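Work through the exercises below with the structure in view. Try each task before reading its solution.

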Amino acid sequence: MGRHPRRLVLPRLRGARQARLRAAHLGGVGVRIEVDRDRCEGLGMCEAMAHEFFEVDDDEVMHVLDETPDERHRGQVHAAVQACPVLALTLTG
Ligand code: SF4
C-alpha cells in the first residue's frame, strides 16, 4: 500500500541505462584532450604512446586526431598525456 510496484531490471540493462545517463550528463563525451600549444615542441612521445590519437607531421606540429576519445581508451590516452616531457597535454572528463 502506497508503494510503487517493483520493476524487474536486469543487471545488464541497468548498467547500459546508467552508462547512457552518465554519457548524457557528460554531454556524450568521456574524455577530452587539451593541448597547450605554447608548450608543445613536437617531440612525439604522445604519438609513440597512442598513435590513434596523436600525430606529429613533418614540420613537427602535433595534431590531435580525436579530441574526445571514448571511455575505453582513457588508459591509453592518459599514458600518452603522462609521457609528454613538457606537460603540454591535459585530460579532462
Ligand atoms: S609529447 Fe608533448 S611535446 Fe611531444 S608532441 Fe606530444 S604534446 Fe607535443
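**Exercise 1: the ligand**

Name the residues that come nearest to the ligand, then describe its shell.

Solution. Of the 14 residues around the ligand, the nearest are Cys40, Leu43, Gly44, Cys46 and Cys84; a residue counts as near if one of its heavy atoms lies within 4 Å of the molecule. Next, sort the shell by type: eleven residues are nonpolar, two are polar and one is charged. Here Ala, Val, Leu, Ile, Met, Phe, Trp, Tyr, Cys and Pro count as nonpolar, Asp, Glu, Lys and Arg as charged, and the others, Gly among them, as polar.

The model is predicted: local features need pLDDT of at least 70, side-chain atom pairs count only at pLDDT 80 or more, and totals for chains, interfaces and linings use all residues. Residues are numbered from 1 along each chain as its sequence is written, and side-chain values use heavy atoms, with hydrogens and water left out.

**Exercise 2: the chain**

List the elements of the protein chain in order.

Solution. Then read from the N terminus: α-β-α-β-β-α-β.

**Exercise 3: Phe54**

Is Phe54 buried or exposed?

Solution. Locate Phe54 in strand 2, residues 54-56. Its relative accessible area is 0%, so Phe54 is buried (under 20%; exposed is over 50%, partly exposed in between, with a 1.4 Å probe and protein chains only). Finally, check its partners: beyond four places in sequence, Phe54 has contacts (heavy atoms within 4.5 Å) including Ile33, Cys46, Met62 and Ala80. Phe54 and Ala80 are 26 residues apart in sequence, and their C-alpha atoms are 8.8 Å apart.

How values were computed
Helices (H or I, at least four residues) and strands (E, at least two) are DSSP runs, numbered from the N terminus.
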